[in-house]
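Open the model in a viewer and keep the selection tool at hand.

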Amino acid sequence: MAIYLDAGTTYSKVITEEKIFDESFFIKSAYGKNYYILPSKIIKSQNISPTSSCGHMAQADNNEIIALANGAKKKGISKDATILDLGSRDAKWIRFKAGKFQDMDWNTSCASSTGATVEMLLKFYDVNVNELKYNEEKFVVTCGIFGMEKIMDSISGGIKPAEAISKFIHGIAYNAWNFAHNPDKIYLSGGFCQNECFVKSLEKYCEVELMGRFLLCEGLIS
């Protein structure tokens with residue numbers, strides 16, 4: 001049985017030929033395969049031998065940039081495109097021109113560009129992600145720690161936590177666009193696809209097409 005694993009820091013994305021996980025983690029079936037999203041700690045606790053894998057939490061046999069590029073090609077978006085994958089731990093992008101690889105970058109060291117900081121803030125202030133709304137204003141976030149300081153100062157000054165976090169997310173979206181070298185359009189992959197506040201913030205700067213959370217995982221399938 002084939003198992004394809006993209007093991008992120010917080011969540012893992014898995015595509016299998018058979019249903020092997022609890023139904024609560026099941027997302028969909030497509031093209032004869034089953035799609036799951038589950039906490040990475042569950043993956044680590046089970047004796048799973050993936051056919052092909054990538055990601056920080058796996059003993060991966062594939063580079064994530066290559067998986068991202070392969071996934072994009074399978075979706076037919078490699079002619080002239082910038083594909084950005086923004087997850088909990090890192091941000092990476094790849095650019096194609098005339099169907100050929102042109103450029104890429106991978107940021108694994110700054111929390112101001114990733115989702116882990118947002119997850120911690122939501123838990124700390126007991127804010128549901130659905131409470132976050134696009135805010136025209138943004139916090140200029142050059143560092144995740146300084147960004148959190150701005151949030152705390154704003155909340156102390158009377159701003160509601162959801163509003164402050166929304167401004168922070170707008171700052172992350174602006175950073176992501178700059179990180180990808182200011183393209184006119186971004187094909188967005190990763191967990192931020194499901195964050196409406198982030199998507200609307202990014203749309204202030206470029207056109208956005210959502211690719212969902214399985215693009216890297218699909219890029220592993222030969």
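**Second largest pocket**

The lining of the second largest pocket divides into 6 nonpolar, 3 polar and 1 charged residues (nonpolar: Ala, Val, Leu, Ile, Met, Phe, Trp, Tyr, Cys and Pro; charged: Asp, Glu, Lys and Arg; polar: the others, Gly among them). This is a predicted model, where local features need pLDDT of at least 70 and side-chain atom pairs count only at pLDDT 80 or more, while totals for chains, interfaces and linings use all residues. Residues are numbered from 1 along each chain as its sequence is written, and side-chain values use heavy atoms, without hydrogens and water. Select L5, I43, K44, Q46, I48, P50, S53, M57, A58 and Q59 to show the lining. The space inside is about 220 Å³.

A pocket here is an open set of points on a 1 Å grid over the protein atoms alone, where a 1.4 Å probe fits, with protein on both sides within 12 Å along at least five of seven lines; lining residues have an atom within 4 Å of a point. The volume is the space filled by probe spheres set on the points, which are joined across faces, edges and corners.

**Largest pocket**

Next, select Y11, S88, E119, G191 and R213, the closest to the centre of the largest pocket among its 35 lining residues. Its volume is about 860 Å³. The lining has 10 nonpolar, 14 polar and 11 charged residues. Helix α3 gives the most, with 4 residues (helices are DSSP runs of H or I, at least four residues, and strands runs of E, at least two, numbered from the N terminus).

**Helix contact**
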